[in-house]
Amino acid sequence: MRIIQLLVISCILFSCSETNKNQAFTPGQLWPDNKGTHINAHGGGILHFQGKYYWFGEHKGSGEIGNTAQVGVSCYSSDDLYNWKNEGIALKVVENDSTHDIAKGCILERPKVIYNAKTRKFVMWFHLELKGKGYDAARSGVAISDNVLGPYTFVKSFRPESGFWPVNVQPYHLKPVSDTIKSTYCGGKGCLPAHPDSLNILGRDFKNGQMARDMNLFVDDDGTAYHIYASEENSTLHISQLTNDYLSNSGKYIRLFSGRYMEAPAMFKHNDKYYLFASDCTGWAPNAARSAIADSVFGNWTELGNPCIGKDSALTFYSQSTFVLPVAGKKDALIFISDRWNPKDHTDGRYIWLPILFEKEKPVLKWMDTWSLDVFANE
Ligand code: DGJ
């Protein structure tokens with residue numbers, strides 16, 4: 001009785017902050033930051049640096065303009081992955097120049113930050129759509145900082161791989177193309193009249209660079225970094241090796257899953273195999289997730305089907321893949337991270353974090369109302 005009284009008194013005096021700390025993940029629930037506000041870092045990615053985690057993501061607003069970038073890229077930090085401190089805006093949109101590539105009102109999606117140990121720079125990549133142009137620009141943006149929290153300085157935006165053919169280029173890509181191929185963003189499967197290969201979108205964009213929408217980054221154990229992006233009117237994924245400074249595409253890239261309309265790619269490694277999660281292409285509406293495996297990044301990729309099992313598995317538990325996070329200090333511990341979008345109020349978008357289980361070589365995702373890092377073995 002005395003102990004409870006003491007606890008109550010110390011809670012009143014010290015606002016119970018320690019005892020209120022999150023000790024588990026609760027996928028799909030509101031996730032308050034250190035100030036009690038739902039985390040605003042959508043389509044995000046997490047960097048583990050010097051013992052701390054940094055979550056970068058889209059700062060979204062509510063209402064009609066909610067998906068245009070009014071603020072920039074948010075950053076949160078955490079020691080334990082359950083509790084996140086709002087660190088403010090890492091990359092700000094430009095307010096006083098409406099012609100700037102990242103002018104306020106552009107679309108800036110799926111930002112990811114990686115650390116380059118050689119240059120000691122933090123490098124951010126993101127999918128950029130120029131202000132007022134819908135989803136037509138299909139560009140990649142790059143920003144850089146000396147400090148993990150930023151501020152990040154915008155470096156450039158472009159369409160990748162201009163003047164380079166992929167390692168698996170086909171003879172028909174090399175034939176001259178007509179410039180009458182339509183370039184519209186359909187935002188859904190089947191919007192193009194024929195198989196994308198017959199349209200040779202790759203050849204059309206050879207000179208000025210390939211379209212790059214939903215994207216992710218992956219850094220291999222040897223420090224080689226890759227840019228994975230939805231290209232060719234979203235019909236085909238590309239994986240592109242970055243230059244050693246991580247600031248540009250190197251010109252070495254591969255086309256994957258032509259005509260499968262995959263977006264939301266997230267790449268990871270497990271037992272020396274490379275994996276990809278992705279989604280179908282249905283705008284903000286959820287669909288069935290995809291997975292694939294390969295022995296090497298530029299090798300043969302084989303689709304493994306929907307990794308989700310159980311209720312709502314056909315809709316990825318009402319979410320879309322965003323990132324795969326390896327957990328430091330835990331053996332084979334990988335977390336699948338996805339967004340449950342809410343296009344009516346993007347600030348209410350929820351985060352789904354689930355442990356990645358494996359059945360032989362196949363990754364499996366099972367819904368859990370609540371779970372903790374204890375599901376993973378210590379290293
Ligand atoms: C689905 C993508 O994954 C999102 O990042 C966003 O681009 C929406 N489509 C837009 O409809």
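**A tour from loop to sheet**

Start by selecting P151, which sits in the loop between strand 7 (139-145) and strand 8 (153-158); helices (H or I, at least four residues) and strands (E, at least two) are DSSP runs, numbered from the N terminus. A cis peptide bond links G150 to P151, with omega at about 5°.

Before moving on, note that this is a predicted model, in which local features need pLDDT of at least 70, side-chain atom pairs count only at pLDDT 80 or more, and totals for chains, interfaces and linings use all residues. Residues are numbered from 1 along each chain as its sequence is written, and side-chain values use heavy atoms, with hydrogens and water left out.

Next, pick E161, in the loop between strand 8 and helix 2 (196-199). Its phi is near 65°, a positive value in a residue other than glycine. Is E161 buried or exposed? E161 is buried, at a relative accessible area of 4%; buried means under 20% relative accessible area, exposed over 50%, and partly exposed in between (1.4 Å probe, protein chains only).

Now jump to Y246, in the loop between strand 11 (236-242) and strand 12 (249-256). Phi of Y246 is also positive, near 65°, and Y246 counts as buried at 6% relative accessibility.

Finish by showing the open sheet of four strands, ordered 1-2-3-4 with antiparallel pairing; two strands pair if DSSP finds at least two bridges between them. Strand 1 (42-49) and strand 4 (85-92) are the edges, each pairing on one side only. Inside the sheet, select strand 2 (residues 52-58) and strand 3 (residues 72-78), which pair in the antiparallel sense over six bridges. There, F56 stands opposite C75 in strand 3.
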